[in-house]
Structure formats: C-alpha cells, structure tokens
Amino acid sequence: QVQVVESGGGLVQPGGSLRLSCAASGSFFVVSSMGWYRQAPGNQRELVGTITQSGTTNYADSVKGRFTISLDNARNTVYLQMNSLKPEDTAVYYCNAAYIVPPSPRLVGAWGQGTQVTVSS
C-alpha cells in the first residue's frame, strides 16, 4: 500500500512564497503522476496542478504563472512552489499520487492527509 505525506504548509503574508512537499512511499509501485488539490472552507476540493512522470504539467487557471510543480522521480516526491500568494489561496492542500503495482495495469490513487496554507496579513 502506498502512503502519501505532505509537508511545508503554514502562515504567509500576501505576496509571499511557500513550498510544499509530498512524498509517496511503499513497495513495488510505479508512479504515473502526482498532483496537488486544495479545499477551502465551504468549497469543494479543486485541482491546483498535476505532473506526469515524464514531466508534463497541468495547472488551474487561478494559479498559472504563480505556482510551479516539480517531480523528483527517484524519490517519488512532488513539490509545489507557490509565489505571489493571495488570501484566496488559503486552503488545505492535498497531494495525490496515481500509481500502478506491476504487473497490474490498473491505476490506483492515494491521498495525503493535507497541509494547511493560510495567506493573511
């Protein structure tokens, strides 16, 4: 079973930066893609961005140009660099890992428990 653990959340002032990390661990699995999602109070969980094993990224329009996702394949670790943060970025940020367990081709997803990001002066 794959476990996903996020770290790096906290309180930051508007305009500031924060970097989140997320590591997937377990046995005999191969990551297909990893991604970040967020959920603000009273809202549904929404996509922030994803990255495939080959490095293809996809971002929500609200974070394009401000957030950058990168992936360390050797460590199964994904990073989210958040710059020019706004109060509306305040949310619990969740990491997701999509993976397969060979020889099965079935894609499985695992979620982390989330890390709080608060943007406030």
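The model is predicted: local features need pLDDT of at least 70, side-chain atom pairs count only at pLDDT 80 or more, and totals for chains, interfaces and linings use all residues. Residues are numbered from 1 along each chain as its sequence is written, and side-chain values use heavy atoms, with hydrogens and water left out.

Strands here are DSSP runs (E, at least two residues), numbered from the N terminus. Two of them pair if DSSP finds at least two bridges between them. Strand 1 is joined to strand 3 (residues 18–25) by 5 bridges. Within that pairing, Glu-6 has Cys-22 of strand 3 as its bridge partner.

Now move to strand 9 (residues 91–100), which holds Asn-96. Asn-96 counts as buried, at 13% relative accessibility (buried means under 20% relative accessible area, exposed over 50%, partly exposed in between, with a 1.4 Å probe and protein chains only). Its side chain reaches the backbone oxygen of Ala-110 at 3.4 Å.

Between strand 3 and strand 4 (30–39) is Phe-28. Phe-28 is exposed, with 73% relative accessible area. Its phi is positive, near 55°, though Phe-28 is not glycine. Asn-76 is another non-glycine with positive phi, about 50°. Asn-76 sits in the loop between strand 7 and strand 8 (77–82). Pro-102 and Pro-103 are joined by a cis peptide bond, with omega about 10°.

Note on methods. Helices (H or I, at least four residues) and strands (E, at least two) are DSSP runs, numbered from the N terminus. A polar contact is a pair of N or O atoms within 3.5 Å; within protein, one must be able to donate a hydrogen and the other to accept it, and residues adjacent in sequence count only if both atoms are side-chain atoms.
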